[in-house]
Amino acid sequence: MNLADWLWIYLVLITGACLQSVIGFGLGLLCAPILFLISPALVPAPMILNALLLTLLISIRNRDAIHLKQTSFSILGGTAGVLTAGVVMLFLEPHQYRLLFGISIILAVLLSVVGIKPTISIISNLVASMLSGFMGTTTSAGGAPMGLLYQTAEHRQIKANLSVFFLYINSLGIIVLWLTGAADFADLTLFLQCVPAILIGWLLSALVNNRINSDAVRVLILLVALFSGIASILM
């Protein structure tokens, strides 16, 4: 990759890191498709490591807003989603389940727009986290279901709980990739080269967080989720 490629890579990562630091998800959704076009080597392992670093930083910044009971059920559901995805991918063509989930996400966004919002409960947490784990494994864009569930929660709680959830999911993902030989030290080198961009985006988000209200956060969540649904259908 030449200097121009790296400038584009940094611009995309800074934007994605800032977005996720503000609303709790969006790094993979925004960055993975673009980075794959620039350099396929950046996806998936280096991208998962980028997300792992960012979710760790966001979790630490918002640690006092973490709801342990909610995140524990999210982790349980996410694990089930990842394992289910591993089985489903053996028997179904990707376009079959991506179309289904893409349509489901778009319908969920439309219901939210007309005023029907999900309530955070044990059941809804398990369902949303399972869907996120499944979609994250199959499409590299798994943030939408959890984002939609938390759309009306307090701003810092959204970021705190989603970050703990994705911290676990990303850790599980990179371990699986490493054990299966799909990730190696070359991926680690690429990740280290991307670290400054992630840090810059995270730091810039502090400026945005002080100027954004809960209504704006909800609108951003719905827009990113809508884009996720459309992307799942088109991928």
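**Notebook: aromatic pairs, a helix crossing and a pocket**

I began with Phe166, which counts as buried because its relative accessibility is 11%, under the 20% limit for that class. The model I am reading is predicted, and I keep that in mind for each entry below.

**Aromatic pairs.** I then asked how many aromatic pairs a search of the whole structure finds, and the search returned 3. One of them joins Phe165 and Phe166 in an edge-to-face arrangement, with 5.0 Å from centre to centre and 65° between the planes. I looked up Phe165 as well, and at 0% relative accessibility this residue is also classed as buried. A further pair is made by Trp178 and Phe185, again edge-to-face, for which I noted 5.3 Å centre to centre and 90° between the planes.

**Ser59.** I next turned to Ser59, which I found in helix H3, spanning residues 45–61. Leaving aside residues up to four places away in sequence, I listed what Ser59 touches: Ile66, Ser163, Val164 and Leu167. I also checked Ser59 against Asp5, and the two lie 54 residues apart in sequence and 30 Å apart in space, taken from C-alpha to C-alpha.

**Helices H1 and H8.** I looked up how helix H1 (residues 3–23) packs with helix H8 (residues 155–179), and recorded an angle of about 115° with the axes 7 Å apart. On the H1 side the contact involves Ser21, Val22 and Ile23, which meet His155, Ile158, Lys159 and Leu162 of H8. Sorted by class, the contact of H1 with H8 holds 4 nonpolar, 2 polar and 1 charged residues.

**Second largest pocket.** My last entry concerns the second largest pocket, which has about 300 Å³ of space. Its lining counts 18 residues, and those closest to the centre of the pocket are Ala108, Pro118, Leu131, Pro145 and Leu148. Which elements give two or more residues to this lining? I noted helix H5 (94–113), helix H6 (122–139) and helix H7 (144–149), with H5 supplying the largest share, 6 residues.

Definitions and conventions. Residues are numbered from 1 along each chain as its sequence is written. This is a predicted model: local features need pLDDT of at least 70, side-chain atom pairs count only at pLDDT 80 or more; totals for chains, interfaces and linings use all residues. Side-chain values use heavy atoms; hydrogens and water are left out. Helices (H or I, at least four residues) and strands (E, at least two) are DSSP runs, numbered from the N terminus. Contact means heavy atoms within 4.5 Å. Rings of Phe, Tyr and Trp (its six-membered ring) pair if their centres lie within 6.5 Å; planes under 30 degrees apart count as stacked, over 60 as edge-to-face and the rest as tilted. Buried means under 20% relative accessible area, exposed over 50%, partly exposed in between (1.4 Å probe, protein chains only). Axes are lines fitted to C-alpha atoms, for helices over the stretch in contact, and angles run from 0 to 180 degrees between N-to-C directions. Ala, Val, Leu, Ile, Met, Phe, Trp, Tyr, Cys and Pro count as nonpolar, Asp, Glu, Lys and Arg as charged, and the others, Gly among them, as polar. On a 1 Å grid over the protein atoms alone, a cavity is a set of points where a 1.4 Å probe fits but cannot get out, and a pocket is an open set with protein on both sides within 12 Å along at least five of seven lines; lining residues have an atom within 4 Å of a point. Grid points are joined across faces, edges and corners, and a volume is the space filled by probe spheres set on the points.
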